Amino acid sequence: METNNSKKLKRTGKLLRVLTKYGFEDIFDRSNIQKIIPQSVKEKNQQIERISSSSVYERIRMVMEELGPTYVKFGQMFSNRTDLFPKELIIELQKLQDKVGQQPINIREKLEVELNIIPNDYFEYIDEKPLASASMAQVFTAVLKNGEKVALKIRRENIKEILESDLLIMKDLVEILENYDQKYKKMNLSHILDTFGHSIHRELSLSGELANIERFHHNFREVSHIYVPTVYRGLSNDNILCMEFIQGIKITDKDQITVAGFEPKKVAVVGFDLYMKQILEHGFFHADPHPGNIFVTHNGEIAFIDFGAMGTLLPNDRELLEDFFVQLSQKNIKKLIATIKEMSLSYAVTNERVLERGVSELIEMTDAGSLKNINLKEIAERFRLLFHDNQITLPEHFYLLLKGIAQIEGIGRHLDPDLDVYSVMQPYANKIFRKRISPKYWFSKSFNKLNNASESLLSLPDDIKDVLHKIQNNEIKVTHAITGLDQVRKTADRLVFAIIISALSIGSAVLVMADMPPKIYGVPVLGFFGFLISAVLGISIAISILRTKSN
């Protein structure tokens, strides 16, 4: 059985041959990797003719295409990262096609072995010629016994092993680059590669894609103008996905959309609105909404396909995203920067004034006078460059979000050059503002903060006990003088009152969240009076503190 090292060595040999072929062998000359490459391989590659007529960026793209799926996917994933790579390279990365030769497969035998079924018992017909052949999987069409046309997505043989070997090699290359030049270290390539590794493993799992489709279907179960394909769990596993075959018009085909009796402008608005709903309401969005992944059905519904790559926003992420939009609309530069920092994984802002100036310029791009002509793609690009210049690293789902919005806006403007993005986003903005000023939202926020404060207070005795234990073991030396015992007693009393207020406030918040009647202006009475008593006690403590200070 082939070991990981032997697989890695084999793939390294191919990497060397391809890099040498396109004139990049100097990368290895700067590293120790060349020591493990057989001399015969080096001599053979020295005879390969260089492709000297192409630019360095074209040759990078050619290398990725020849090295196969892992490198193609890597290039595609970062084909919009203008903050990391030069424009010329971005143009070449956008040319990468996720299409490879067909892999011979006995599909009936594959279904029988993988699903433990007799295919003829479930399928009326199976087309053994692939409809599509991509780097990760091949797609076949079939007809079920009930007459339903389905798509069978079959994962390529040995693709997982190839990806694992490639990721190990890419890790070595990143290490070489980061040791070679400090600028690569500042680009945080290690984090980028880790993110890519997680992403491609998720995309490789067809059972994960099935779960994504089901979750997407659940989110839009009450929305009539979107169509989500049916999946067949009994005919699927991690290597096979059986789903309804979507027949429709490619969303950028304006002529066919018109012929079918639909208005491209309305399709543009509906499509953009559905994407905003995915982000701002569900926190679960399609991470690659390019034109080939979106169709218009014969009923005029919007249908997304290929759910392998999805972005997920946790509740805290969505809260921060809402903060971002609110502060952007209010032009609150200080709070906007604070939110960006809170959103980030890491940051190294060397000059706060420069960052403030950059944010201020971006805010001016969203000035009320030009909202109808707002260009989200341009704003996203500017934000990315701003993050890069200030070494602000965001979680990958935020970059996926920026990419997705830019793609969906591009489709919208193709269908309707005068697309009013602001009018589509306005209802969501209003909803956020209404939520932020509602008593329930403030009670919920207060509950969370008080709960955190209470937990800190409850952990205080354990912290004190830990300190005393260290003192007993002579780990801490204490020099002390006791003065003002009366003041200590007053402080202790206030601490007790604070704990009582916290408990009362938390209990009141629970009553409010439970929506327990009777109510006053939509707020439960018991919760209202609980907060009122807490406020009175809090004010009394504040007055006591002020009196003490004045004395």
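Helix α14 is largely enclosed by the rest of the structure, because 14 of its 19 residues are buried. Buried means under 20% relative accessible area, exposed means over 50%, and partly exposed lies in between, using a 1.4 Å probe on protein chains only. The helix covers residues 264-282. Helices here are DSSP runs of H or I with at least four residues, strands are runs of E with at least two, and both are numbered from the N terminus. The expected span of a helix is 1.5 Å times one less than its number of residues. Gly283 follows α14, and its phi is positive, near 65 degrees.

This is a predicted model, where local features need pLDDT of at least 70, side-chain atom pairs count only at pLDDT 80 or more, and totals for chains, interfaces and linings use all residues. Residues are numbered from 1 along each chain as its sequence is written, and side-chain values use heavy atoms, with hydrogens and water left out.

Now take the whole chain. It has 23 helices and 13 strands. Of its 551 residues, 43% are buried. A contact means heavy atoms within 4.5 Å. Take the contacts with a separation of 6 or more: 67% of them join residues 24 or more positions apart.

Next comes the interior. A nonpolar core is a set of buried Ala, Val, Leu, Ile, Met, Phe, Trp, Tyr and Cys residues joined through side-chain atoms within 4.5 Å. The largest one holds 66 residues. Phe216, Ile251, Phe272, Met276, Ile279, Ile302 and Phe383 touch the most other members. Follow Ile251. Leaving aside residues up to four places away in sequence, Ile251 touches several residues, including Val267, Phe295, Ile302 and Leu415. A second, separate core has 32 residues, among them Met77, Leu84, Leu96 and Met136.

Aromatic rings come next. Rings of Phe, Tyr and Trp (its six-membered ring) pair if their centres lie within 6.5 Å; planes under 30 degrees apart are stacked, over 60 edge-to-face, and the rest tilted. This rule gives eight aromatic pairs. The ring centres of Phe383 and Phe387 are 5.8 Å apart and their planes are at 35 degrees, so this pair is tilted. Why are these two residues separated by about one helical turn? They are four residues apart in helix α18, residues 376-389. An α-helix has 3.6 residues a turn, so residues three or four places apart point the same way. Phe383 is buried at 5% relative accessibility, and Phe387 is buried at 4%. Elsewhere, ring pairs link Phe216, Phe220, Phe304 and Phe307 into a cluster.

Some rings carry a charge over the face. The rule is that NZ of Lys or CZ of Arg is within 6 Å of the ring centre and within 35 degrees of the ring normal. The charged end of Lys149 sits over Phe245, 4.3 Å from the ring centre. Arg215 lies over the face of Phe284, at 4.0 Å.

Finally, look at a sheet. Strands of a sheet pair through backbone hydrogen bonds, either parallel or antiparallel. Two strands count as paired if DSSP finds at least two bridges between them. Four strands form an open, mixed sheet in the order β5-β10-β9-β7. Its edge strands are β5 (226-227) and β7 (249-250), each pairing on one side only. Strands β5 and β10 (residues 302-304) run parallel, joined by two bridges. Which residue in β10 is the bridge partner of Tyr227? It is Ala303.
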